[in-house]
Amino acid sequence: MIAAQLNHLAGIVLEAESVPNDGIGSTSLSPYFAPMKEVVIGGLATLIVFVALYKFAWPAISKAMKDRTAGIQNDLDSSAAARTEAERDAAEIRTSLGDVDGERTRLFAEADSQAEALLADGRDRLAQEIEELEAKAEIDIAAAAGRGADELRADISRFSSQAIESSVNASLDDATQQELIESFIARVGAGLQTGASS
Amino acid sequence: MSDAQIHGYARALFEIARADGTLDEVEDELFRFARSYEHSEELRNTLSDEQIPAEKRQAIIEDLLGGRATPTTTQLVSMVVGSGKARDLPAIVDVLVHRASNAKQLDVAEVRTAVPLSGDQEARLKAALENATGKTLNLKTIVDPSVVGGVIATVGDDVIDDSVRTRIDQLKSRL
């Protein structure tokens with residue numbers, strides 16, 4: 001089947017080659033294929049065009065492609081770097097967030113510690129003040145008791161003195177006065193020192 | 001008043017009394033008046049008040065001593081008060097008494113009692129003090145109610161104190 005089709009095509013081509021040249025141009029008899037000469041010439045021209053393109057245009061195209069590839073690679077690298085940086089920033093932010101939490105925890109702990117220290121200090125001062133007040137109160141009480149005792153002793157002494165003086169004055173009648181004088185004369189006459197002397 | 005002035009007044013009073021022949025009485029009367037003057041604040045204030053005219057103060061002296069003391073004593077005290085030296089009268093009299101005692105080669109014995117001594121008691125007390133001190137004494141007695149009872153005798157720097165006042169004070173200090 002295929003061979004029959006190929007023979008048919010070859011017949012068409014050969015038939016086209018058999019069309020005579022009329023001096024104006026080649027005319028193919030085949031509606032599908034050009035004449036062989038035209039094919040050959042056209043092929044050579046195409047080859048020349050491709051060679052010229054390969055020689056003159058390909059380097060520029062290749063360079064443009066490489067540049068584009070490099071540009072794309074750069075873009076990719078930049079994107080990767082940006083992503084890395086973004087990830088680093090994200091990590092730093094996460095770290096910072098962690099630090100903030102830690103700092104907050106530390107500040108709370110420090111505040112708790114200071115508050116505890118203040119409370120302890122306040123309790124100590126309060127206890128000390130209470131002790132001082134108690135000591136002062138005890139001293140005041142002792143002093144008051146001492147003053148009371150002193151005043152009591154002074155009162156007793158004063159009342160006793162008044163009682164003694166009153167009693168002595170009441171008992172010193174004329175006979176007693178004379179007796180005292182005679183006693184003094186007798187003792188001084190006997191050479192005895194009586195009472196206070198200097 | 002300085003000591004020299006006090007001794008000057010005392011010497012003048014002494015010479016006047018001695019010239020008048022009443023030294024013993026004047027000395028004794030001046031001594032008693034000086035002690036009364038010391039113990040009476042009203043008398044001291046009155047006789048030493050410069051606002052009261054001297055004549056009036058001297059008239060007070062005449063009222064106090066007139067008829068109770070010798071005229072010489074009254075005149076001497078009046079003279080001292082009139083010259084504005086009443087404040088120094090006790091010191092002047094003390095010097096006078098010592099001068100008089102020295103003139104008689106006697107030492108002054110000042111005896112304070114709450115009640116007056118009888119003549120017999122004075123004589124026996126004088127003898128007893130002379131026996132105790134070995135000195136011949138010119139006894140000066142003072143009735144001082146603050147003594148309360150007993151006797152305080154001073155001979156020079158020696159004090160023999162057997163007064164009730166001192167015993168009460170000692171008891172008070174022990175209390």
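**View 1. Q105(B) lies in the loop between α6 (89–103) and β1 (107–113) of chain B.** Helices (H or I, at least four residues) and strands (E, at least two) are DSSP runs, numbered from the N terminus. This is a predicted model, in which local features need pLDDT of at least 70, side-chain atom pairs count only at pLDDT 80 or more, and totals for chains, interfaces and linings use all residues. Residues are numbered from 1 along each chain as its sequence is written, while chains are lettered from A and ligands numbered from 1 in the order in which they are written. Although Q105(B) is not a glycine, its phi is positive, at about 55°. Most residues other than glycine have a negative phi. Q105(B) is exposed (12 or fewer other C-beta atoms, placed from the backbone, within 10 Å), because 9 such atoms lie within that distance.

**View 2. V148(B) occupies the loop between β2 (137–143) and β3 (150–155) of chain B.** This residue, other than glycine, also has a positive phi, near 70°.

**View 3. Chain A meets chain B through 23 residues of chain A, in contact with 28 residues of chain B.** Contact requires C-beta atoms, placed from the backbone, to lie within 7 Å. On the side of chain A that touches chain B, α2 (36–171), α3 (174–189) and β1 (196–197) of chain A each supply at least two residues. The most come from α3(A), which gives nine. By type, the residues of this side are nine nonpolar, 12 polar and two charged (nonpolar: Ala, Val, Leu, Ile, Met, Phe, Trp, Tyr, Cys and Pro; charged: Asp, Glu, Lys and Arg; polar: the others, Gly among them).

Definitions and conventions
Two residues are in contact if their C-beta atoms, placed from the backbone, lie within 7 Å. A residue is buried if 20 or more other C-beta atoms lie within 10 Å of its own, exposed if 12 or fewer, and partly exposed in between; C-beta atoms are placed from the backbone.
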